[in-house]
Amino acid sequence: MTTIPPRRRATDTTAVATTVASASVSAGPPVRTRPPVEAPEGDTATDTATDTRTIPAASPAEAAGAPVLPTQGVRTGALPPLPPLDLHGAVPVLDAVTAEPPAPLPELAVLRALVRDAARRAAALLQGHVPEAHDTVADIVRFTVGAGGEHLETAAAHLGLTPLRMRHLTAAYHHGGPHGAAACLSPRPAHPAALAGAEAAIRPLRPSPGAPLERHRDRLTDPSAGVQLRHGPDGRWYPYADLHGTWQPVAGPHGDPARAYRAARLALRQRR
């Protein structure tokens with residue numbers, strides 16, 4: 001007659017699992033344990049202990065029910081610095097475009113010039129240069145000056161000016177900015193006291209002090225000397241010289257009318 005060995009009780013397995021869990025607790029941070037697994041018939045207590053695994057304790061985020069993102073393979077710490085931005089080495093995107101845009105858009109050459117102009121203005125802003133206020137006319141002149149006169153005839157037609165008049169306007173802008181362009185294109189009444197003060201300031205500098213001096217709106221003209229001063233909206237005097245029968249703007253605008261008069265006389269001596 002075969003004798004069947006007595007069945008190992010589950011309480012013995014539970015004791016072993018409890019012992020392993022207690023050792024884990026004493027060796028490190030709090031852990032969670034899986035419930036003990038009842039060993040099947042024929043297994044030993046050693047097999048049951050080996051099958052018992054530990055699970056790390058819940059983090060505060062897990063305990064609060066917040067989602068926990070995986071961090072495996074993610075590098076922590078400060079990010080490396082970004083490389084310096086080289087605005088001068090950028091290649092305009094429109095250089096790769098060869099087809100003319102459909103009407104009513106400007107021609108491709110004009111679009112490229114507009115992009116270059118915008119890039120120059122952005123670079124100036126990044127360098128801390130605050131541009132002067134421009135009206136529509138002054139902004140068109142500014143664009144024409146920045147483009148090197150390439151679109152001068154188109155700008156002249158847009159403003160209703162002759163090409164010669166447009167060249168004078170761009171020269172005035174080159175010497176005096178938007179205020180110089182305004183003094184060239186749009187005469188406005190000047191205060192009589194300002195004109196009287198300018199006349200007194202230039203009297204010692206006139207080659208013919210007894211010759212008549214003309215006043216008209218914001219302009220003080222010395223026909224015998226071929227010099228004209230225009231009072232700009234910024235309060236400066238803009239010098240003009242009679243060159244080839246036309247009044248042309250020259251360099252040297254100044255708040256002192258005497259210095260502006262000298263600049264016009266110098267331009268006449270240099271061009272004759």
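I take contact to mean heavy atoms within 4.5 Å. With that in hand, I looked up histidine 168: leaving out residues up to four places away in sequence, His168 touches Cys184, Thr246, Trp247, Gln248 and Pro249.

**Ground rules.** I am working on a predicted model, where local features need pLDDT of at least 70, side-chain atom pairs count only at pLDDT 80 or more, and totals for chains, interfaces and linings use all residues. Residues are numbered from 1 along each chain as its sequence is written, and side-chain values use heavy atoms, with hydrogens and water left out.

**Whole chain.** I counted helices and strands as DSSP runs numbered from the N terminus (helices are H or I, at least four residues; strands are E, at least two). The chain has 9 helices and 7 strands. For exposure I used relative accessible area: buried is under 20%, exposed over 50%, partly exposed in between (1.4 Å probe, protein chains only). Buried residues make up 27% of the 272 residues. Of the contacts between residues at least 6 apart in sequence, 44% join residues at least 24 apart.

**Back to His168.** Histidine 168 sits in helix H7, residues 163–185. Is His168 buried or exposed? I have His168 down as buried because its relative accessible area is 11%.

**H5 against H7.** I fitted axes as lines to C-alpha atoms, for helices over the stretch in contact, with angles running from 0 to 180 degrees between N-to-C directions. The axes of H5 (residues 136–146) and H7 come within 9 Å and cross at roughly 130°. My angle classes are roughly parallel under 35 degrees, roughly antiparallel over 145, roughly perpendicular from 65 to 115, and oblique for the rest. H5 and H7 are therefore oblique to each other. Their crossing is left-handed; that word applies if the near helix is turned anticlockwise from the far one by less than a right angle, and right-handed applies if clockwise.

H5 brings Val137, Ala138, Val141, Arg142, Thr144 and Val145 to the contact, and H7 brings Met166, Leu169, Thr170, Tyr173, Pro178 and Leu185. I sorted these by class: 9 are nonpolar, 2 polar and 1 charged. Here Ala, Val, Leu, Ile, Met, Phe, Trp, Tyr, Cys and Pro count as nonpolar, Asp, Glu, Lys and Arg as charged, and the others, Gly among them, as polar.

I also checked threonine 144, which is in H5. Thr144 is buried, since its relative accessible area is 1%. Beyond its neighbours within four places in sequence, Thr144 is in contact with Gly149, His151, Leu152, Ala155, Met166 and Thr170.

**Cores.** A nonpolar core is a set of buried Ala, Val, Leu, Ile, Met, Phe, Trp, Tyr and Cys residues joined through side-chain atoms within 4.5 Å. The largest has 18 residues, and Ile202, Val227, Leu229, Trp237 and Tyr261 have the most contacts inside it. Helix H8 (192–202), strand E5 (227–231), strand E6 (237–243) and helix H9 (257–271) each supply at least two residues of this core. Which element gives the most to this core? H9 does, with 5 residues. Apart from this core lies another, of 14 residues, including Val141, Met166, Leu169 and Ala183.

**H8 against H9.** The axes of H8 and H9 come within 8 Å and cross at roughly 60°. H8 and H9 are therefore oblique to each other, and their crossing is right-handed. Ala198, Ala201 and Ile202 in H8 meet Pro257, Ala258 and Tyr261 in H9. By class, this contact has 6 nonpolar, no polar and no charged residues.

**Arg236.** Arginine 236 is in the loop between E5 and E6. I count Arg236 as partly exposed because its relative accessibility is 28%. Arg236 and Ala183 are 53 residues apart in sequence, yet their C-alpha atoms are 9.7 Å apart.

Most residues other than glycine have a negative phi, and most peptide bonds are trans. I noted a cis peptide bond between Ala103 and Pro104, with omega about 10°. Pro104 lies in the loop between helix H3 (60–63) and H4. Arg217, not a glycine, has a positive phi of about 55°, and His244, also not a glycine, has one of about 60°. His244 is in the loop between E6 and strand E7 (246–249). His244 is exposed, with a relative accessible area of 80%.
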